Amino acid sequence: MAVALESWKALGTSVHVLVTDAHGLARATSAVSEVLEDVDAAYSRFRNDSELSHLNANPGRSVRVSPLLASAIDAAQRAARLTDGAVDPTIGHAIRVAGYDDDFSRVAARGPHPALPRERGREIQLRAWRVPGWQAIRFDRRARTVLVPAGVELDLGSTGKALAADLAARAALSAAGTGGVLVSLGGDIAMAGTPPSGGWAIRVAENSRVRPDADGEVICVPAGGVATSSTTVRRWTRGTAVLHHIIDPQTSLPATGPFRTVTVAAATCLDANIASTAAIVRGEAAIDWLLSCHLPARLVENDGTIHYIGRWPDPSGVAA
Amino acid sequence: MDPLTPTQRDRGLERLRRLTFGATAGALVAVVGVSYVAAASYAGTSSANGSATAADTTTTTSTTTTTDSSSSSSSTSSSNSLQPSTQAPTTGSSGSGTVTSGGS
């Protein structure tokens, strides 16, 4: 079965759409584009005209939101609940203070500035306000109303992208009509429909920019989602501090645990992303937590040591 | 105190009957009203058994084809635990259409 592929850039990252029936590629691609345009308009943090920006700009007021933004907020709150707050949508202020306040291509282009202010000749330490916690958000799922208290800023970046991959895969399958589809948004992967014989081949790497034909581990997955979270990408510097995009809500600063990259397979890309992000934040407790969730996972320590968890296939053949 | 005439007694009994009926009707209205307000204010959460059902539903829904973003996503995010895939990944070169999963 020949697999057809289309790739482009959207949401500040790479998009890949694969279909098992090449005749449906154009329709699948169009459907994915529409979903991503809707997602960008609903919950981009970097568009002043997005619904999310409007919500963050109106603290203390109950705002009725679109079904898509309501779904994204619902997903983010579920993520926070299931991870005991390790993945929290109220990190918006913290990540902005850390310096990630624009599309990452522009953040990366700034270089090592702005430097942190100096006090008595020494660079002061970066500090952020305490992350308020997801319980601060008053969200009525049925009425689709959201109240963001003053001083709280929502960021749906982590769960939002994975949710978008799930939605895009379903829309692509519906548009293609037959066969199976795979959608990758910057390495967050969702599959739908009938997979190719042997499953979808997925190369596991620390950076989604690694070419699919590069050396490294390849797994075969028939359905669901695969997501990778890593502190080795989306890094920037402020003064002498090297920062990354995975915020630990406990400290309001980038996570500093023993794992630099975590990949998880789950029933959906959203659940895989929630687990991989939470594992980075949870640090040493991540392995036991992933085992308790029965989620197959691959964890890379900061020194390069790799752990295979649950039903994740170990290339050496040794069960975890 | 003079004894009541039959007419006075009948009027008193009628007044008592009306009061009893009014109090009962008022209590019923109050119970219905308070119940409605309570039901609307406290939607409740799924029990453990309910979550298992939701999880099953999520798995089923994830394989269906729908273009309704809101309905499909809400079913995705309704389960009360992270859902493992029904089939675990395998190693190998038998799969098709390689893409890379990595940080971005």
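Let's start in helix 1 of chain B, which spans residues 6-41: Arg18(B) and Glu14(B) both sit there, 4 residues apart, or about one turn of the helix. Their side chains meet in a salt bridge, at 3.4 Å from N to O. Keep in mind throughout that this is a predicted model. How open to the outside are these two partners? Arg18(B) is exposed, because its relative accessible area is 58%, a value over the 50% cut-off. Glu14(B) counts as partly exposed, with 29% relative accessibility.

**Salt bridges elsewhere**

Looking over all chains, a search of the whole structure turns up 12 salt bridges. As background, side chains of opposite charge can pair when their charged atoms come close. Two pairs in chain A are worth a stop.

Take Asp74(A) and Arg141(A), whose side chains meet in a salt bridge of 3.2 Å, N to O. Asp74(A) belongs to helix 3 of chain A (residues 67-82), while Arg141(A) is in the loop between strand 6 (138-140) and strand 7 (145-147), so this pair ties together parts that are 67 residues apart in sequence. Asp74(A) counts as buried, at 5% relative accessibility.

Then there's Arg78(A), which forms a salt bridge with Asp271(A). This pair links distant parts of the chain: Arg78(A) comes from helix 3 of chain A and Asp271(A) from helix 7 (residues 269-282), 193 residues apart. Are the two partners buried or exposed? Arg78(A) is buried, with a relative accessible area of 0%, and Asp271(A) is buried too, at 1%.

| Pair | N to O distance |
|---|---|
| Arg18(B) and Glu14(B) | 3.4 Å |
| Asp74(A) and Arg141(A) | 3.2 Å |
| Arg78(A) and Asp271(A) | 2.9 Å |

**Chain A as a whole**

Chain A has 8 helices and 19 strands. Of its 320 residues, 57% are buried. Among contacts in chain A between residues at least 6 apart in sequence, 62% join residues at least 24 apart.

**Where the two chains meet**

Now for the interface. Chain B brings 40 residues to the contact, and chain A brings 72 residues. About 4,400 Å² is buried between chain B and chain A, and carbon and sulfur atoms give 57% of that area. How many salt bridges cross the interface of chain B and chain A? The answer is 0. What the two chains do have between them is 17 residue pairs in polar contact. On the side of chain B that touches chain A, helix 3 (69-76), strand 1 (90-91) and strand 2 (96-103) of chain B each supply at least two residues. Strand 2 gives the most to that side, with 8 residues. By type, the residues on that side divide into 7 nonpolar, 33 polar and no charged.

**A sheet built from both chains**

Some of this meeting takes place in a sheet. In general, strands of a sheet pair through backbone hydrogen bonds, either parallel or antiparallel. Here 4 strands form an open sheet in the order 1(B)-11(A)-10(A)-2(B), with mixed pairing. Strand 1 and strand 2 of chain B stand at the edges, each with a single partner strand, so one side of each has no neighbour in the sheet.

Strand 10 of chain A (residues 200-207) pairs with strand 2 of chain B in the parallel sense, over 5 bridges. Trp200(A) stands opposite Ser96(B) in strand 2 of chain B. Strand 10 is also joined to strand 11 of chain A (residues 217-221) by 5 bridges, and these two run antiparallel. In strand 11, Cys220(A) is the bridge partner of Ala201(A).

**One residue up close: Thr100(B)**

Thr100(B) is found in strand 2 of chain B. With 5% relative accessibility, Thr100(B) counts as buried. Which residues does Thr100(B) touch, not counting those up to four places away in sequence? Among them are Ser184(A), Gly187(A), Ile189(A), Arg203(A) and Pro212(A). Val210(A) is also one of the residues touched, and the side chain of Thr100(B) reaches the backbone oxygen of Val210(A) at 2.8 Å. For a sense of how chain B is laid out, Thr100(B) and Thr5(B) are 95 residues apart in sequence and 99 Å apart in space, C-alpha to C-alpha.

Notes. Residues numbered from 1 in each chain as written. Chains lettered and ligands numbered in written order. Predicted model: local features only at pLDDT ≥ 70, side-chain atom pairs only at ≥ 80, totals over all residues. Heavy atoms only, no water. Contact = heavy atoms within 4.5 Å. Buried area = accessible area lost by both parts, 1.4 Å probe. Salt bridge = Lys/Arg side-chain N within 4 Å of Asp/Glu carboxyl O. Polar contact = N/O pair within 3.5 Å; in protein donor to acceptor, adjacent residues only side chain to side chain. Nonpolar A, V, L, I, M, F, W, Y, C, P; charged D, E, K, R; others polar. Pairing = 2+ DSSP bridges. Buried < 20%, exposed > 50% of the residue type's maximum accessible area, 1.4 Å probe, protein only.
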